[in-house]
Amino acid sequence: MDGRTSDTNCTNCGSLLSGRFCPECGQKRFTPDQLSLARFLSDLLREFSSLDGRIFRTIGPLLLKPGTLTLAYLSGEQRKYIRPVSLFLLFNLFFFLAGYRMGLLNWSITYANGSEGLRMLEQRAAERGIDPAVFVSNMETIFKEYQRSMFFGVIPAFAVVLYSLLFFRRRYFVEHLIYSIHYHAAYLLLLPVVLFGALKVLGVIDAVTGWRSVNLIGRDPGIVVFVVVLMAAYHVIALRKVYHFGWIAASALSILVSLLSAFLMVPVAREALFWIVWYTS
Ligand SMILES: [Zn+2]
């Protein structure tokens, strides 16, 4: 043997081995045949198919059984599903490829700080001696770049809201954080899909009847009502499951929580992004 393997000790950390996996660092017992191409490919395939399985096992409950994943995570049932943060990263990517291009949360820096923003940008362009149109367009690019990370701020902010509202429940902050991550992951996936579906259905209805029902949810303020109702419906079920609320308490709380969530996600996040770009660029 070439000294890389040992029957009794982990090749990664040196701990004594008792089974297929190291009890200290978790690495699988190493044998040189793992380096053969056939083994490498079959391991790769197994890893992908288990990831696939985990994705499908996770998406169903996330969309159709709100709160189920959160409850599972909080009671220690964790390996079965995709980890909350990975789930969020996946759907954040999906949202900015799909929903954002449909116009959802697609903001411009020129109105992110009300009517003041554009004037401030033009003034700064003048101070720096840059063509205002070029300067605003550059700032717009940075703004849109930063916006892809906005949920890294929105998610903990929403967890703070839950922590404050449910303080009497004496839960750990991280429990609310997991709720917040799962909820936003569901939101990022559900919103574009449901909205797209609803608009298609209304489009067909309009084509048949000659109505203009698409306008009901296709623009402000209808779309805001649609989104808040969708969020509230999700929260009612999730809050009941995770925090064991009754129907009446969960319904009242879900409306409050959905409005606060919409508030954080749009005006607060938008203005915060403006100031971040303003002070860093
Ligand atoms: Zn080890």
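Predicted model: local features only at pLDDT ≥ 70, side-chain atom pairs only at ≥ 80, totals over all residues.
The domain assignment of the protein chain gives two entries: domain 1 covers 1–33, and domain 2 is made of 52–105 + 150–280. Taken over C-alpha atoms, the centres of domain 1 and domain 2 are separated by 43 Å.

Helix packing comes next, and a pair of quantities is handy here. Two packed helices are described by the angle between their axes and the distance between the axes. For helix H10 (residues 222–243) and helix H11 (residues 247–280), the axes come within 8 Å and cross at roughly 130 degrees. H10 is therefore oblique to H11, since angles over 145 would be needed for roughly antiparallel and 65 to 115 for roughly perpendicular. The crossing of H10 and H11 is right-handed. On the H10 side, the contact is made by Val227, Val228, Met231, Ala232, His235, Val236, Leu239 and Arg240. H11 contributes Ala250, Ser251, Leu253, Ser254, Ile255, Val257, Ser258, Leu259, Ser261 and Ala262. Sorted by class, the residues of this contact between H10 and H11 comprise 12 nonpolar, five polar and one charged.

H11 also takes part in a crossing with helix H6 (residues 132–147), where the axes come within 10 Å and the angle is roughly 125 degrees. H6 and H11 are therefore oblique to each other, and H6 passes H11 in a right-handed crossing. From H6, the residues making the contact are Met139, Ile142, Phe143, Tyr146 and Gln147, and from H11 they are Leu273, Ile276 and Val277. The contact of H6 with H11 holds seven nonpolar residues, one polar residue and no charged residues.

Tyrosine 243 lies in helix H10 and counts as buried, because it has 20 C-beta neighbours inside 10 Å. Its contacts, leaving aside residues up to four places away in sequence, are with Leu166 and Arg169. Tyrosine 243 and leucine 166 are 77 residues apart in sequence, while their C-alpha atoms are 9.0 Å apart in space.

The loop between H10 and H11 holds histidine 244. Histidine 244 has a positive phi of about 60 degrees, although it is not a glycine. With 11 other C-beta atoms within 10 Å, histidine 244 is exposed, as the cut-off for that class is 12 or fewer.

A positive phi also turns up at leucine 105, with a value of about 55 degrees, and leucine 105 is not a glycine either. Leucine 105 is found in the loop between helix H3 (84–97) and helix H4 (109–112).

Finally, helix H3 itself contains leucine 90. Leucine 90 is partly exposed, with 17 other C-beta atoms within 10 Å. Along the chain, leucine 90 and alanine 185 are 95 residues apart, and a distance of 8.3 Å separates their C-alpha atoms.

Conventions:
Residues numbered from 1 in each chain as written. Domains from an automatic or database assignment. Axes fitted to C-alpha atoms, helices over the stretch in contact; angles between N-to-C directions. Helix = DSSP H or I, 4+ residues; strand = E, 2+ residues; numbered from the N terminus. Parallel < 35°, antiparallel > 145°, perpendicular 65-115°, else oblique. Left-handed = near helix turned anticlockwise from the far one by under 90°. Contact = placed C-beta atoms within 7 Å. Nonpolar A, V, L, I, M, F, W, Y, C, P; charged D, E, K, R; others polar.
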